[in-house]
Amino acid sequence: MDGQTHPGRLDAAQLGAELGDRATLVQFSSAFCQPCRATRRTLAEVAGMVDGVAHVEIDAEAHLTLVRELDISRTPTVLVLDAAGRIVRRAVGQPRTVDVVAALGRAM
């Protein structure tokens with residue numbers, strides 16, 4: 001985590017989608033962000049491989065209140081939530097598949 005002050009937990013109402021049974025990958029994206037497209041593919045692939053993991057993509061520009069609460073300053077930003085919606089990992093930039101899988105291992 002980055003030490004910034006922000007909510008430590010997110011729920012389905014804030015995300016606009018259901019949390020995964022075991023973990024949730026939350027991706028903040030913007031319309032013209034090239035790395036966001038690759039990040040979407042990576043996270044969707046991992047969510048498809050690991051049972052109980054959901055991938056939720058959030059348009060940062062359309063959810064400015066949440067972006068401010070979480071101190072999101074760049075896209076893509078990925079949050080890894082555990083089953084209860086607690087933020088257990090945070091990364092900025094395009095993640096590698098192996099790093100996403102490792103972060104999920106710590107979340108579950």
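Visitor: Where does proline 76 lie?

Guide: Before that, some ground rules: this is a predicted model, where local features need pLDDT of at least 70, side-chain atom pairs count only at pLDDT 80 or more, and totals for chains, interfaces and linings use all residues. Residues are numbered from 1 along each chain as its sequence is written, and side-chain values use heavy atoms, with hydrogens and water left out. Helices (H or I, at least four residues) and strands (E, at least two) are DSSP runs, numbered from the N terminus. On that numbering, proline 76 sits in the loop between helix 3 and strand 3.

Visitor: What kind of peptide bond joins threonine 75 and proline 76?

Guide: Most peptide bonds are trans. For threonine 75 and proline 76, omega is about -5°. That bond is cis.

Visitor: Which value does phi take in aspartate 71?

Guide: Aspartate 71 is also in the loop between helix 3 and strand 3. Most residues other than glycine have a negative phi. Aspartate 71 isn't a glycine, yet its phi is positive, near 55°.

Visitor: Is aspartate 71 buried, exposed or partly exposed?

Guide: Buried means under 20% relative accessible area, exposed over 50%, and partly exposed in between (1.4 Å probe, protein chains only). Aspartate 71 has a relative accessible area of 33%, so it counts as partly exposed.
Histidine 63, in the loop between strand 2 and helix 3, gets its label from a value of 35%. That makes histidine 63 partly exposed.

Visitor: How many disulfides does a search of the whole structure find?

Guide: A disulfide is a covalent bond between the sulfur atoms of two cysteines. The search takes pairs of cysteine sulfur atoms within 2.5 Å. Cysteine 33 and cysteine 36 are joined this way, S to S 2.1 Å. For the whole structure, the total is one.

Visitor: Which hand does the link of cysteine 33 and cysteine 36 have?

Guide: Both partners, cysteine 33 and cysteine 36, are buried. The angle about their S-S bond is 85°. The link is right-handed.

Visitor: How far apart in space are threonine 42 and valine 100, C-alpha to C-alpha?

Guide: Threonine 42 belongs to helix 2, and it counts as buried because its relative accessible area is 12%. Along the sequence, threonine 42 and valine 100 are 58 residues apart. In space, the separation is 8.5 Å.

Visitor: Which residues of helix 4 are buried?

Guide: On the other side of the helix, Val98, Gly105 and Arg106 are exposed. Alanine 103, at 8% relative accessibility, falls in the buried class. The list for helix 4 is Val100, Ala103, Leu104 and Ala107.

Visitor: Why do the buried residues of helix 4 line one face?

Guide: Look down the axis of helix 4 and take the directions from the axis to the C-beta atoms, which define the arc. The buried residues line one face because they fall within an arc of 100°.

Visitor: Which residues touch the most other members of the largest nonpolar core?

Guide: A nonpolar core is a set of buried Ala, Val, Leu, Ile, Met, Phe, Trp, Tyr and Cys residues joined through side-chain atoms within 4.5 Å. The largest has 14 residues. Strand 1 (23-29), strand 2 (53-59), helix 3 (64-69) and strand 3 (77-82) each give two or more of them.

Visitor: Which element gives the most to the lining of the largest pocket?

Guide: On a 1 Å grid over the protein atoms alone, a pocket is an open set of points where a 1.4 Å probe fits, with protein on both sides within 12 Å along at least five of seven lines; lining residues have an atom within 4 Å of a point. Strand 3, strand 4 (87-92) and helix 4 (97-107) each give two or more residues. The top contributor, with four residues, is helix 4.

Visitor: What is the volume of the largest pocket?

Guide: Grid points are joined across faces, edges and corners, and the volume is the space filled by probe spheres set on them. Residues lining this pocket include Val78, Arg89, Gln94 and Asp99. The volume comes to about 170 Å³.
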